[in-house]
Structures are given as C-alpha cells and as structure tokens.
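Hi,

Here is the structure I promised to send over. Have a look, and my notes on what turned up follow right below.

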Amino acid sequence: MDNLLGDFLRARRERVSPADVGLPDNGRRRVRGLRREELALLAGISSDYYIRLEQGRDQNPSAQVLDALARALGLDEASRRHLHQLAAPPRPGQAEPQAPASIVELISTWATNPAYVQDRLTNVLAANPIAAAVSPNYAVGRNLLRAIFLDPAERELRRDWDQMAADGVAGLRAALGPDIADPAAAELIAGLTASSGQFRELWAQHDVKPRTGHLVRFRHPAVGNLDLHSDKLDIPGPAPLQLVVFHATPGTRDAEALASLADLTPAR
C-alpha cells in the first residue's frame, strides 16, 4: 500500500535543519534534518503517534494535527493544502479528458496568441498553429513534462530550463494531490524516474507549487530570444483542464518577434 502521507512528511522533515527551528545542533547527527521526535515535539504531538503517521500505520490524522505539522515544517499554503489532500480518502478514477470543442474552436482563431489546452499530467489536448510554431511539443498527443526532461531540443529552446523543470515537477504534485497512484500518473512518473536523473532528484524533494501564470523565456531558432507571458486559466468541467495562453507585452521587441513568427506560420 502506498504511503503518500508518510513519504511527504519524511521528505520535508529531512529538509528542515535544527537551526531553522531554534534547536541546538551538536554536529553529530546521523540523520538529515530533524529527528522524528523533534518534529513531534514542535508539532505538539507524541513521538509514537508521529512515527505511526510517517510509517503509514495511521493514515487518518485530524485537520488540527496536519496544521500543526505544517507549521512545524514551515510549509507554505500550497504545501499545507497538499498535506491535507494526502490524508483525505481516495478519490474515484476520472474519465479520459477531452478539450471542449468550443475552446478548440476559439483558440484556432487566434493568429498571434499561442494557446493550448493541457490536462493535469501536462498532456496537450488541443493547440493552435502559432503555439506549435513556438515549440513542436505544443501539439496534440505530446506530454510537456516528458518533453522538458527528455527532448534535448526543448532544453535548448528554453532559456529558463532549470526553473521550468522545477516548476513542472512541483506543479505535477500540486495537480495530482493524492492521485499519484492513478494508472496514467504512475506510468508518467515511473517513466520519467527511469529516464531522467534530474526528474528523480526534483521528484524526491516533494515540492508543491500550483500551476500559475509566469514569464516564459524562449531561445527560438527562427526569431531569436522571445519572452512571453503565460496565463493559465482553469476550464470548468468534470476533468481538471487548463487553457494556457501566451502573449507578448505590446510595443516590445518580443511583440514584433511574435508577429514575425505568426507571419511564418501556415494556418490550419
């Protein structure tokens, strides 16, 4: 049986040094980060109870206990919510997601705004021609996390690859919550773990960061450096989907470069 809650607590406990929480460190520790007993003390729970939680022998902690552990570990709000999700009952499986036809039709009319629809695993479900011109991986059937870690061309394309990779892994944890054992998710994670040492390292950190808008910095072979704002809009429906839309700041060289790229892009 998966021990998602215990794995998360262990990984985050090992990242907190005694000095971070005002505890003495005599330099002779045999474990990374805090000891289990120290974290239990900081959270105001018994050591035995905390050990049961981390070992997966008790998977029904109260909300108060989870909040106390979150405070003791110094978790941010996204990681605190993730901790609560890991302790919640399993959710039913979800149907194969599909991009709404109206959204597909809408983005196909945008000639200068790259846009695509992704599911929670970063599978691309729809994309317009200008998005595919920015990156061939913005295409139906591609998985963006696989592209980031396994496609050398994608690493060359992205001037902010390191940050993109870290955010991508943290975003996957946030999107999945306790559904890591979902067959499609497990297949994606297992494949990337086996194929990419960098993914393995980032996944083991248990960072959680919801997918939000940010600036994406490309090194495009046709138009040079291209800085685009990326906005992520949740699409209401039975499956968690996002519409991702890029735009350049008007009047900038980036806007001119994006317009040039649009001129080079055949309509579909």
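Strand 4 (residues 224-235) and strand 5 (residues 241-247) run antiparallel and are joined by seven bridges. If you want a spot to start from on that pairing, go to Lys-232: the residue opposite it in strand 5 is Val-244. Keep in mind while you look that this is a predicted model.

Now for the helices. Helix 1 (residues 4-13) packs with helix 4 (residues 63-73) at an angle of about 25 degrees, and their axes are 10 Å apart. Angles under 35 degrees count as roughly parallel, so that is how helix 1 and helix 4 lie to each other. Their crossing is left-handed.

As for who makes that contact, helix 1 puts in Leu-5, Leu-9, Arg-12 and Arg-13, while helix 4 brings Leu-66, Leu-69 and Leu-73. Sorted by type, the contact residues of this helix pair come out as five nonpolar and two charged, with no polar ones.

Cheers

Definitions and conventions
Residues are numbered from 1 along each chain as its sequence is written. This is a predicted model: local features need pLDDT of at least 70, side-chain atom pairs count only at pLDDT 80 or more; totals for chains, interfaces and linings use all residues. Side-chain values use heavy atoms; hydrogens and water are left out. Axes are lines fitted to C-alpha atoms, for helices over the stretch in contact, and angles run from 0 to 180 degrees between N-to-C directions. Helices (H or I, at least four residues) and strands (E, at least two) are DSSP runs, numbered from the N terminus. Angles under 35 degrees count as roughly parallel, over 145 as roughly antiparallel, 65 to 115 as roughly perpendicular and the rest as oblique. A crossing is left-handed if the near helix is turned anticlockwise from the far one by less than a right angle, and right-handed if clockwise. Contact means heavy atoms within 4.5 Å. Ala, Val, Leu, Ile, Met, Phe, Trp, Tyr, Cys and Pro count as nonpolar, Asp, Glu, Lys and Arg as charged, and the others, Gly among them, as polar. Two strands pair if DSSP finds at least two bridges between them.
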